[in-house]
Amino acid sequence: MELNEFLKQISSLSGDDPQAVDICRRAWEFAQMAHNGQKRASGEPYFNHCVKTAETLIKMKLDAKTIVAGLLHDVAEDTKFTLQDIKKNFGAEIASLVEGATKLGKIKYRGDQQRAENLRKMFLAMAKDIRVVLIKLADRLHNMQTLQYVKPEKQKRIALETMEIYAPLAHRLGIGEIKGQLEDLTFQYLQPDQYKWLIENIAEQYQEREKYVEKIKPVILQELSKENINAIKIDARAKHYWSLYQKLQKYDMNFEKIHDLIALRIVVNTIEECYGALGVLHKLWRPLPGKIKDYIALPKPNGYQSLHTTIFCVDGKITEFQIRTAKMHDEAELGIAAHWLYSEKGKPKTGVKLNEQKFSWVSQLRDWQKKVSGSQEFLENLKIDFFNDRIFALTPKGDAIDLPKGATPIDFAYHIHSDIGDHCSGAKVNEKMVPLSHTLQNGDVVEILIQKKHKPSRAWLEFVKTSIAQNRIRHSLKKEFGVEIAPIKKQSAGYHVEMKISCQDRVGLVKDVSEEIQKLKINIESLNTVANHKHDPAIITITSTIKERNLIEKLATKLKQIKNVYEVNYKISSKD
Ligand code: MN
C-alpha cells in the first residue's frame, strides 16, 4: 500500500478526521525513516512489514491510535529510536501500546501443551490493553505470511507458537478471519505432507462447489424476496484448510461427507429476518436432522452468533447455510474489534451462562464488553484487569506458571513439582539471585536452584502465598520433626516486626537508623533505646508493621551497614 491509499483509508475509517489522518501520516514517515536501510529476511524493506501490520488493523476497522502503534510496533525494539522518542512525537497512549507489543514479543512458546493455556492468559495479562493483543495478531499474521524466508528450525517454533497461542487468542476474541488465516498458514509448516495432500485434492472439490453456489444464489434470493426478506448479501464461504482437515479426519477423509466445504452465508438486517430466512429454506428444502443450530439464542462461548442449517438443496445437494445479521457478521469476522463499529442499540438477545472453567476469562471479557455502551467508552475501557490478582512467571524453558499476586520463588518451585519445592536452595529471577521471599512479577523468568540435601524451612511458611506451598512445607516439617505445624494466618495487613539493633551508641546513630527506615517508606510504631554500661552494646528496639516480607530483610541489611551497628535481629509475629 502506498501512503496516499493508506491515508485515504484512514480518512474514510475515521469519518474524515483531519487529526487522525495527520498522525497516521507522521507515523508512516517516522517508521519509514526509523527502519530505513533495514531488511526483512525476504530481502524487502523492513518498513513493508510495518505497513502490512497496519493494513490488517485497518481491515479490522480499528482506531487511528492503534493503527499508528501498528506502524511503529517494531521501532523501539529494532531501531535506534526509543519509547521516549515515540512518546515525545505521538503521545503516551501510543507509546504504551508500542511498549506492550514489544513486551509481548518476548513471550516465547517452547512446547508444553499443558501450560499453553497459562501462556495465553499471561499474554493477556501482560498486554493490559486489548489493542496490544490485536496489534500482535496483525504482526504475527504478516510474520506467518513471510515465514518461508526464515530458517527452518525457527519456522517450526514460530508455527507452533502461532498454533498454540495466537490462533486460540484470535478465536477467543472472536476474530474468526484472523484465526482461520493463522491456522492455515501454520498448517503447511506443522504438517507439510498433509497440507500438500489437501491442496492437491481440494481444487476440484472447490471448483465444483463454486459452480453450484453460483447456480443456487439467484434461486435463494428470489425465494427470500417472495417472503419480503431483503438479503443484504449472499456469499459463499470456503472453509479454511486447517479446520477442513480436522473435520476430514473425523469423516474418513471423505469430501462427500463435508457439507460445509463451501457454506452459503445469508446476511440480513434483523434477527426476525434470520428466523424468517431459515423458515423459507426449510419450507422449500428438507433439512438434515440434527444440523440446525441456533447460535443466536445460544451464542458460542466466544460470542459467535448465527443460525446454521444443512439442507438437501437444489439437485438434492447437501449444502450448509449460515444466516446472520450484518452486525453478527462483522462480529464473527472482527470479533472484539467490531465494537468500534457498533454501539449497543439493537443488541441481540443473549442469555447463556458459561460454566466451562477454562472459558471463564473469555466470558469475563464478553461481560466486560457488554457493560460498555458506546464505542468511545469502549476505547476508554480497554484495560485488561481481570487477571489483576494473578501473575504469570516463566520457567527458563518458557512455560508459564499461574500464581496469585505476591507469590514467591518458593510458591513457583512447588507449582512446578513438590520435589523442586522441597529441595529449593535459592532462586534466580531474570538471571539475578534473589531472596526466596522475593515477590515475583508478571513475565519474570524464574530459575530454581536445588540441592538434594536441602529441606523446607519453617520460615518459608511466613511468606509463601499459595496453599500448595503451605501444605507441602507443613507436610515436610511434620515428617522431619514429628509435630504438626499450624497453618499461618493470612496476613493482609502486613507483618508485625520487632527489630533489635545492637550497637555502640554514638552521636547521630538514631538519626541514621530512622533515615534508613524512612528511605524504605516504613512507618515505625515505636523506637526504644536501652542505654549501655560502658563496654556493653546499646540496644535499639523498633516495632513496625511492614507490608512485604522482603522489605524486612532489606531493612535489616541496610541497618547492618550503619557505622557502629554490630548486629540486627528481628522477630515476626503475624498481625491479626
Ligand atoms: Mn513485527
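Here are a few notes on this predicted model, covering the metal site, a pocket and the confidence values.

1. Start with the manganese ion. Its protein donors are His 49 and His 73, each through NE2, plus Asp 74 and Asp 139 through OD, and they sit 2.2 to 2.3 Å from the ion. Along the sequence, the donor residues follow the spacing H-x23-H-D-x64-D.

2. The two aspartates are worth a look as a pair. Asp 74 is in the loop between α4 (64-72) and α5 (75-78), while Asp 139 belongs to helix α9 (residues 130-145), so together they tie up parts of the chain that are 65 residues apart in sequence. Asp 74 and Asp 139 are both buried.

3. Next, the second largest pocket, which holds about 660 Å³ of space. It has 28 lining residues, and the ones closest to its centre are Arg 40, Tyr 46, Asp 139, Asn 143 and Lys 154.

4. By class, the lining has twelve charged, nine nonpolar and seven polar residues.

5. Finally, confidence. The chain has a mean pLDDT of 84, and 88% of its residues are at 70 or more. Residues 340-361 fall below 50, and this stretch has 48 contacts in the model beyond near neighbours in sequence. Residues 371-383 are also below 50, with 25 contacts counted in that way.

Terms used:
Residues numbered from 1 in each chain as written. Predicted model: local features only at pLDDT ≥ 70, side-chain atom pairs only at ≥ 80, totals over all residues. Heavy atoms only, no water. Donors = N, O, S within 2.8 Å, 3.2 Å for Na, K, Ca; no water. Helix = DSSP H or I, 4+ residues; strand = E, 2+ residues; numbered from the N terminus. Buried < 20%, exposed > 50% of the residue type's maximum accessible area, 1.4 Å probe, protein only. pLDDT = per-residue confidence, 0-100. Contact = heavy atoms within 4.5 Å. 1 Å grid on protein atoms, 1.4 Å probe; cavity = no way out; pocket = protein on both sides within 12 Å on 5 of 7 lines; lining within 4 Å. Points joined across faces, edges and corners; volume = space filled by probe spheres on them. Nonpolar A, V, L, I, M, F, W, Y, C, P; charged D, E, K, R; others polar.
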